[in-house]
Amino acid sequence: MATSKVKETKAKTAAKTKTSAAKTKVKASASKAKASAVKAATATATKSTAAKVKAKVQSTVQSAAKVSHYPVLIIGGGAAGVSIANTLRRKSRLLEIALIEPSEQHYYQPGFTIIGGGAYSLKKATKQEVDLLHPSIIWVKDFAETFEPKKNSVLLKSGDKITYDYLVVCPGLQLDWDKISGLEETLGKNGVCSNYSPKYVEYTWECIKGLESGTTLFTQPPMPIKCAGAPQKIMYLAADRFRKKGILDKFDIQFCNAGPGLFGVPFFAKALSKVIADYGITTNFGSNLVEIDGKAKKATFEVTDGDGKKSKVTKDFDMIHVTPPQSAPDFIKSSPLANAGGWVDLNDRTLQHNKFANIFGLGDAGSTPNAKTAAAVRKQVPVVVKNILRLINNEAVQEGYEGYGSCPLTTSLNTVMLAEFSYGGKVTPSFPKLDPRENRFIWWIGKKIGFPWMYWYWMLPGYTLDIPSKESYAEEFLDKD
Ligand SMILES: Cc1cc2nc3c(=O)[nH]c(=O)nc-3n(C[C@H](O)[C@H](O)[C@H](O)COP(=O)(O)OP(=O)(O)OC[C@H]3O[C@@H](n4cnc5c(N)ncnc54)[C@H](O)[C@@H]3O)c2cc1C
């Protein structure tokens with residue numbers, strides 16, 4: 001992006017900031033007081049007054065949405081939005097930051113896999129949004145709906161409008177449950193479960209726990225999806241649970257994947273095929289779930305053969321774990337910020353919008369061709385923060401994101417294969433001397449204790465954690481079988 005364009009945007013927005021500064025200041029201090037009131041209210045909430053407190057949170061937070069201008073506006077308060085807001089706050093104490101997020105709960109989604117596997121609780125994976133944001137960050141509890149990037153403004157569902165100097169877009173992705181006919185009616189019952197929603201994730205464990213024999217199907221839709229390894233991670237946890245109970249041989253476990261292979265990075269795909277063989281799992285590639293009849297316990301797949309010919313295959317099941325099709329949120333797809341695929345159109349390495357210089361994006365909603373993971377967000381946050389601060393100081397943006405993503409593949413209830421990779425399928429581990437394809441107990445401890453700790457107490461609060469991940473660490477393992 002040309003520096004002159006950036007400067008022009010900066011000049012225009014600086015003038016606007018000056019004129020609205022006094023107004024914003026008054027409203028911001030009121031909002032700060034409101035934010036701490038919200039926090040205090042939440043902390044002292046008892047069951048009997050919960051409804052009243054909820055109403056109070058709602059009204060105090062919503063009144064903040066009437067503020068019309070913020071120097072930095074963030075859309076989405078998930079892994080990316082909270083981390084960006086708190087990191088920016090640490091780097092620049094005076095910068096006013098507002099964040100639009102409709103939900104009061106924040107979930108540690110990487111924990112969903114082990115909740116479904118019976119090794120973690122939803123309670124541990126859930127916190128209140130208000131407790132995660134620095135009190136000086138203004139939380140606008142609303143949905144962003146329409147973008148007017150030429151006017152530097154965003155329209156909200158409530159009808160309010162917020163203008164900004166710099167915008168960060170990170171509303172995650174959309175789960176398209178309705179693309180599978182019959183799924184919504186039966187999800188959460190009839191042995192139909194999914195780790196992809198906090199509403200149903202505990203039902204996955206109920207299904208696994210309750211089965212003594214039968215056919216279990218695990219589905220994977222076409223890419224991209226968040227955490228591409230998650231559809232098979234839960235399958236290994238289920239298989240290991242059956243093995244530990246001594247009943248694995250009573251199961252027909254099938255992986256039904258719309259894609260052509262086990263994993264996008266061949267180095268790890270090869271290692272995973274050994275895990276599949278060890279559990280005696282059948283793989284069906286080119287097999288896309290299109291319909292479920294929960295009561296009859298039948299799942300229909302559109303199967304594409306080697307010549308591209310399509311046919312329908314219906315399978316019986318006792319349990320089916322469904323990974324829903326996923327896409328960019330509709331309000332992004334229909335906006336001027338979207339690329340042809342509907343994702344926020346970003347430069348792969350600077351994370352600046354390809355058309356609008358004062359807009360950045362990251363996380364699952366972004367167009368960058370990395371694995372959509374919280375691990376990717378960890379590496380993207382410092383790049384976005386640095387580049388916003390550089391623009392504020394009239395400096396050009398810099399490249400910094402190399403496409404890192406990571407997927408801790410839970411290969412059993414006490415081992416993990418820690419897949420770390422970057423753009424172009426390069427294997428880029430964070431730890432030297434350890435073969436990344438090994439199924440290790442230490443990474444299981446990481447998955448259950450270390451990574452959640454890092455997420456809640458390091459990444460979200462805005463501490464920059466720069467653990468270098470290097471291609472050179474993997475070199476000695478690349479040629480080994
Ligand atoms: C089952 C499962 C397993 C996973 N396993 C792992 C793993 O092992 N390792 C890993 O690194 N990652 C894993 N992930 C992926 C990881 O959770 C996501 O990649 C990460 O949360 C992306 O962060 P994000 O901020 O882009 O999106 P999210 O964290 O999903 O947050 C998006 C936020 O935007 C808000 N929002 C939506 N629409 C609007 C709107 N219109 N206006 C304002 N706000 C809006 C949402 O309410 C939400 O809070 C897993 C995910 C799942 C579901």
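1. Asn190 sits in the loop that runs between helix H6 (183–186) and strand S10 (192–193). The structure is a predicted model. Phi of Asn190 is near 55°, which is positive, and the residue is not a glycine. Asn190 is partly exposed, because 19 other C-beta atoms lie within 10 Å and a residue counts as buried at 20 or more.

2. Asn152 also deserves a look. Its phi is positive, about 50°, although Asn152 is not a glycine. The residue belongs to the loop between strand S6 (144–148) and strand S7 (153–156). Is Asn152 buried or exposed? Asn152 is buried, because 22 other C-beta atoms lie within 10 Å.

3. A cis peptide bond joins Met223 to Pro224, with omega near 0°. Pro224 is found in the loop between strand S11 (214–220) and helix H8 (230–244).

4. The next point is the ligand. The ligand is surrounded by 38 residues, and the closest are Gly76, Gly78, Gln109, Gly172 and Gly363. Helix H3 (79–91), helix H4 (112–116), helix H11 (374–392) and strand S20 (405–412) are the elements that give two or more residues to this shell. By type, the shell residues divide into 22 nonpolar, 12 polar and four charged.

5. H3 has 13 residues, and from its first C-alpha to its last it reaches 18 Å, close to the 18 Å expected at 1.5 Å a residue. How many of the 13 residues of H3 are buried? The count is 11, so the helix is mostly covered. Among the buried residues of H3 are Ala79, Gly81, Ile84, Asn86, Leu88 and Arg89.

6. An open sheet is formed by three strands in the order S14-S15-S16, with antiparallel pairing. Strand S14 (287–293) and strand S16 (310–316) stand at the edges; each has a single partner strand, so one side of each has no neighbour in the sheet. On average, neighbouring strands of this sheet are turned by 25° against each other, direction ignored.

7. Within that sheet, S14 and strand S15 (residues 298–304) run antiparallel and are joined by six bridges. Which residue of S15 is the bridge partner of Leu289? The partner is Phe301.

Conventions:
Residues are numbered from 1 along each chain as its sequence is written. This is a predicted model: local features need pLDDT of at least 70, side-chain atom pairs count only at pLDDT 80 or more; totals for chains, interfaces and linings use all residues. Helices (H or I, at least four residues) and strands (E, at least two) are DSSP runs, numbered from the N terminus. A residue is buried if 20 or more other C-beta atoms lie within 10 Å of its own, exposed if 12 or fewer, and partly exposed in between; C-beta atoms are placed from the backbone. A residue is near a molecule or strand if its C-beta atom, placed from the backbone, lies within 6 Å of it. Ala, Val, Leu, Ile, Met, Phe, Trp, Tyr, Cys and Pro count as nonpolar, Asp, Glu, Lys and Arg as charged, and the others, Gly among them, as polar. The expected span of a helix is 1.5 Å times one less than its number of residues. Two strands pair if DSSP finds at least two bridges between them. Axes are lines fitted to C-alpha atoms, for helices over the stretch in contact, and angles run from 0 to 180 degrees between N-to-C directions.
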